[in-house]
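Open the model in your viewer and keep the selection panel at hand. This tour moves from the whole chain to single residues.

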Amino acid sequence: MSGSSWRGLLLRIGEKCPEYGGNTDFKEHIESCHSGLWREFEHSRDDILDFLLQCAEQFPHKIPLYCAVVGLLNLENEEFVAKILETTQSKLQDALDSDNYDRIRILMRFLTVLMCSKVLQPGALVVLFETLLSSAATTVDEDKGNPSWQPRADFYVTCILSCLPWGGAELNEQVPEEIERVMVGIEAYLSIRKHASDVGFCVFEDEDETGKADSEKDFLEDLWDRIQGLSRNGWKLDSVPRPHLSFEARLVAGKSHDIGPISCPDQPSLPSTLTEITLGKQKHEAESKYPQRIRRLNIFPANKIEDLQPIDRFVVEEYLLDVLLFLNGWFTPKLKPASRKECASYMVGLPVPFRYEYLMAETIFSQLLLLPHPPFKPMYYTLVIIDLCKALPGAFPAVIAGAVRALFEKIADLDMECRTRLILWFSHHLSNFQFIWPWEEWAYVLDLPKWAPQRVFVQEVLEREVRLSYWDKVKQVYSRKKKSVPEGVEIQSSDSNPVNESVENAPALEELLPPKGGSDFKYSTEDGREMTDRHSLSAELRSMVKGRLSAREVISWMEENVLPSHGFEVALQIVVQTLLDIGSKSFTHLITVLERYGQVFAKVCPDQDRQVLLITEVCSYWKNSTQMIAIAIDRMMGYRLISNLAIVRWVFSPANIEQFHTSDHPWEVLRNAVGKAYNRIRDLRKEISSLKKEVALAEEVSEKAKSELEAAESKLSLVDGEPVLGENPVRMKRLKSRAEKTKEAEVSVKDSLEAKEALLSRALEENEALFLTLYKSFSNVLLERLPEVFKDGKLQGIQSIQTDAMAIDREDSATMDVDNEIERSKKSLANEGRANNGYENGEEVQWCLSTLGYLKAITRQYASEIWPHAEKLDSEILTENVHPLFRKAVYSGLRRPYIGYGKRGLFKIIETN
C-alpha cells in the first residue's frame with residue numbers, strides 16, 4: 001500500500017467514499033484503516049503518528065473512529081501508542097501555555113475517547129480534570145486569585161463538561177467515585193463564580209434592554225444543566241458514536257497507559273491600582289483570549305427545532321462549529337487543500353441518526369451574527385450557506401428562507417452591527433440565486449415611515465444588490481416567459497409553477513431602489529450644455545492629464561490660471577470633478593489618477609476644513625453611487641489625501657446627521673475610516689513582533705561571530721617580542737569580515753525596528769485623537785436630541801413594531817413544515833401589513849435609537865483600541881453631565897458596569913467580573 005493510500009484511509013474514515021467501497025459501516029472502516037496502517041507501520045511509523053494526530057485535531061467529529069484505530073494499534077505495539085499519548089500530552093501543555101483554546105478543547109476530547117478505547121487510564125483523565133478545575137477555582141477566588149480572568153476559568157470547566165458526552169459513561173462505570181468528586185467540584189465552582197452577563201453582546205436589543213439575557217442561564221450554567229440531564233439519563237445519548245464497543249472484547253487486552261503531569265499557567269497578577277478601569281482592561285483581555293464560542297440565537301420556535309435531547313443539541317453544535325473551524329480553507333495546512341464544498345459535505349454528513357437542518361441553520365447564523373465579531377470573515381458563512389442550499393435542495397433553502405423571515409420580523413430589535421451583517425449576507429446570497437425572492441411579501445414596508453427598520457432593511461438590501469449587479473438586473477431579473485428556478489432555491493407560487501420573484505413582481509418597491517445612473521460631471525459638454533470659462537478650464541486640465549503633464553505642472557497651472565481669477569471653491573470643483581471624471585471608467589483608472597495627481601489634491605486641500613469640502617465634492621460627483629463615494633474616500637485616505645479626522649467631521653455634518661437612521665451610507669464611510677486606522681496599527685504590531693524576533697536572531701549571530709573572532713585573536717603569540725598569528729591569516733580575515741557584516745546586519749534590523757516603533761507610536765497618537773473626536777461628535781449630536789426625546793434618561797412612549805400584524809404571523813410560522821415553508825397567501829399578507837403596519841416610533845425616537853446602536857457597535861468592535869484611552873474618555877467625554885443613554889451605549893460596548901435608565905426605568909449595575 002502506498003503512503004497516499006493509508007493517508008486516504010485515515011482522512012476518509014467514516015465516510016461513504018471509494019476508499020471504503022462506498023459503505024458506511026464504522027466497524028469495517030476501522031478494521032480496514034487499522035490493517036492499512038499496520039501494513040505500512042514499519043516503514044512509516046513516524047509519519048503515521050504525526051498524520052493520525054493531525055487528523056484527530058482537524059476532524060474532531062471523527063475522534064471516536066480514530067481512537068478505536070489507536071486502540072487496535074495498542075494491541076500490536078504499546079510503545080507506539082505510548083508515544084501518541086506522550087505527544088498529545090506535550091501538545092496539550094503547549095496549548096495551555098499559549099492560550100490556544102481550540103487545541104485545548106480538542107485534545108481533551110481526544111484523551112477522553114482514548115480512555116474509552118482502553119488506551120488511557122481513567123484515573124489519569126480524572127487527574128487532568130481536577131488540575132483544570134483547581135486552576136479555575138483558584139482564579140475566581142477573590143482572596144487568592146484574579147476574578148477578572150474568570151473567562152479562562154469558565155473555559156477550563158467548560159472543557160471538562162464538554163468531554164463528558166464522549167466519556168461520561170465509561171468514567172461512571174470504571175471510576176464512579178472519582179467522577180462524582182469531579183462533579184461535586186464543578187458544582188462548588190459554579191457556586192463561587194459570577195454569572196457571566198451577555199450585556200453588550202446580545203444580538204437582539206430587547207434582551208439587552210430588559211435584562212433578559214442577564215437573568216437567563218449563561219453558557220456554562222446551561223451546559224451544566226445539560227450534563228446533569230445526561231447523567232440522570234444514564235449517560236445515554238444518540239449524537240456520539242461509540243465504535244469502541246464493537247471491539248471491546250479485544251481492546252481490554254491492551255495496556256492502559258498513563259500520561260505525564262499537566263500544569264495550568266498562573267493567572268496574571270492583579271493590577272497595582274485596583275480601579276474599575278484597570279480591572280475592566282484585564283477582563284477585556286481575558287474575554288479576548290477566551291471568547292465564548294457560541295451564543296444561541298433561537299431563531300425558530302421550539303417546535304421547529306428537531307426533537308433532540310438538550311445534550312444532543314450541544315454535541316451537534318460542537319460538530320458543526322468544529323467543521324466550520326477546521327475546514328475553512330485557511331486552517332488545514334498539512335492534510336490537504338481544504339474546500340468549502342467539503343465543509344458543506346461534512347456538515348450534512350455528521351455521525352448522528354437524526355435530521356438537524358434547523359439546528360444547522362441556527363448555528364451558522366449564530367456565528368455570522370456573533371458579537372463582537374464572527375470567528376471568520378462573513379464571506380465564509382455566505383459560501384457555506386450557498387453550498388448547503390445546493391447540497392440539500394429539498395430542505396435547506398426553505399429553512400434559510402424561514403430564518404430570513406424570522407430575523408426580518410425582529411429587525412427592529414436586532415443589534416445595528418448584526419443588522420449590517422445580515423444585509424450584506426442576504427444581498428450576496430440572493431446574488432448567487434439570480435436575486436430570486438418573494439419581494440411582494442415585503443411590499444407593505446412602503447406604507448411604513450422612511451425610518452422604520454424593516455423599510456430601511458429592504459432599501460439597503462436592494463442597494464447592495466445593485467452594487468453586486470446593476471440596476472436593471474435587480475429590477476427585472478429575467479423576462480416573464482417560462483423560467484426555471486436555480487438549483488438550491490425553493491420558491492413556490494399558488495399554481496405550483498416556478499415564478500419570477502424579482503422586484504418587478506412588487507413594482508412599488510422600485511421606489512426603494514437607489515438612483516439609476518453613474519457620475520454627475522458638472523462640466524460635461526454633452527446634451528448641448530452651454531460652455532463657460534469653467535468648462536474651458538476643465539477641458540484644459542483634461543488635456544494636460546492626457547498629455548501626461550506632471551502633478552507639479554498641474555499645480556503651477558492651477559495657481560497661475562485658476563486660483564487668482566476664480567478662487568478656492570471653483571478651483572476645488574474643477575480639479576476634483578475633472579480628475580474624478582478621468583478616473584471614473586474603472587477602479588484601476590481611479591487608482592492611477594490618485595497616484596499620479598494625488599499631490600494636486602493635497603495642495604488644494606492641505607487642512608481638515610478643506611478636506612471636508614473635498615469629500616463633499618466627491619459626493620457631489622458620485623451622488624448617484626454610494627459605492628463609488630465609499631471607494632473614492634477610502635482610496636484617498638489610503639494615499640493620505642484625506643485624514644480620518646476630516647472623515648469624522650464630514651460624517652457628522654448636518655446633511656449626513658439627518659440620514660443616520662435611514663441610510664447606512666455615512667456609517668459605511670465611517671467604518672472604513674476607523675477600520676483602516678485599526679488595520680494600520682495591527683499591521684505595524686505584526687511587523688514589530690516579527691522584527692523583534694529578527695533582532696534576537698541577529699544579536700545571536702553577531703555575538704557568535706564576535707566570540708569566534710575573539711577566540712582566534714587570543715591565540716596570538718609573541719616570538720622574539722613580536723606578535724605572531726597562531727591562526728591562518730586568511731581565516732582571521734574571514735572571521736573579521738563576518739563579525740563586521742553580522743554587526744552591520746544587527747544594527748540594520750534594529751534601525752528598522754526603531755523606525756517601525758516610531759510609526760506605531762505616531763499611529764497610536766492619531767488613533768487616540770480619532771476616537772476622542774469620534775466620541776465628542778457622537779456626544780454633541782446626541783446631546784441635542786436625547787434630552788428632548790428621552791427626558792430624565794427614560795424612553796418616552798416607545799412601542800416596538802407590532803410584529804404579529806406584519807410580515808409573519810408567529811403561530812403560522814410555528815406550524816410551518818420544511819416542505820411547505822413558503823406556501824401562504826402572499827397577497828393577503830402584504831395587504832395585512834399595509835392595513836396594520838403598527839409602527840408608532842416617531843422619527844426623532846428612531847434617530848436616537850439608531851445612532852445609539854451604531855455608537856455601541858463601533859465601541860464594541862474597537863474595544864481593544866479604546867480601553868487604553870478609557871481614563872481620558874471618562875475625563876473628557878463621559879462626564880457627570882453626559883446623558884445616561886449615551887453612557888450606557890459606550891459602557892455596553894466596552895462591557896463596563898453602568899447605572900442608567902432604559903425603556904423600563906432604572907437599570908441595575910452590571911458587574912464586570
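Helices here are DSSP runs of H or I with at least four residues, numbered from the N terminus.

**Whole chain.** Show everything first. This is a predicted model. The protein chain has 38 helices and four strands. It holds 913 residues, and 56% of them count as buried. The chain exposes about 39700 Å², with carbon and sulfur atoms supplying 48% of that area. Among contacts with a separation of 6 or more, 78% link residues 24 or more positions apart.

**The cis bond.** Select Leu371 and Pro372. A cis peptide bond joins them, with omega about 10°. Most peptide bonds are trans.

**The largest core.** Next, select Met108, Met347, Phe365, Trp442, Phe457 and Val458. These residues have the most contacts inside the largest nonpolar core, which has 173 residues. Helix α8 gives the largest share of this core, twelve residues. Apart from this core lies another, of 95 residues; Ala571, Ile629, Val669 and Leu855 are among them. In soluble globular proteins, nonpolar side chains tend to be buried together.

Now zoom in on Phe365. Beyond its neighbours within four places in sequence, what is Phe365 in contact with? Its partners are Leu297, Ile299, Ile385, Ile400, Ala403, Leu407, Leu422 and Trp425.

Go to helix α8 (residues 150–174) and pick Arg152. Is Arg152 buried or exposed? Arg152 counts as buried because its relative accessibility is 5%, and the cut-off for buried is under 20%. Leaving out residues up to four places away in sequence, Arg152 touches Asp99, Pro265, Asp266, Gln267, Pro268 and Tyr290.

Step across to Asp99. It lies in the loop between α5 (78–97) and α6 (101–116). Asp99 is not a glycine, yet has a positive phi of about 60°. At 17% relative accessibility, Asp99 counts as buried.

**Gln434.** Select Gln434, in the loop between α20 (416–431) and α21 (453–468). Gln434 also has a positive phi of about 60° without being a glycine. Its relative accessibility is 35%, so Gln434 counts as partly exposed.

**A helix pair.** Finish with α29 (residues 644–651) and α32 (residues 729–789). Their axes are 10 Å apart, at an angle of about 10°. That angle makes α29 roughly parallel to α32. Show Asn644, Leu645 and Val648 in α29; they meet Ala769, Leu770, Thr773, Leu774 and Ser777 in α32. By class, this contact has five nonpolar, three polar and no charged residues.

Definitions and conventions
Residues are numbered from 1 along each chain as its sequence is written. This is a predicted model: local features need pLDDT of at least 70, side-chain atom pairs count only at pLDDT 80 or more; totals for chains, interfaces and linings use all residues. Side-chain values use heavy atoms; hydrogens and water are left out. Helices (H or I, at least four residues) and strands (E, at least two) are DSSP runs, numbered from the N terminus. Buried means under 20% relative accessible area, exposed over 50%, partly exposed in between (1.4 Å probe, protein chains only). Contact means heavy atoms within 4.5 Å. Accessible areas come from the Shrake-Rupley method with a 1.4 Å probe; for residues, only the protein chains shown count as cover. Axes are lines fitted to C-alpha atoms, for helices over the stretch in contact, and angles run from 0 to 180 degrees between N-to-C directions. Angles under 35 degrees count as roughly parallel, over 145 as roughly antiparallel, 65 to 115 as roughly perpendicular and the rest as oblique. Ala, Val, Leu, Ile, Met, Phe, Trp, Tyr, Cys and Pro count as nonpolar, Asp, Glu, Lys and Arg as charged, and the others, Gly among them, as polar. A nonpolar core is a set of buried Ala, Val, Leu, Ile, Met, Phe, Trp, Tyr and Cys residues joined through side-chain atoms within 4.5 Å.
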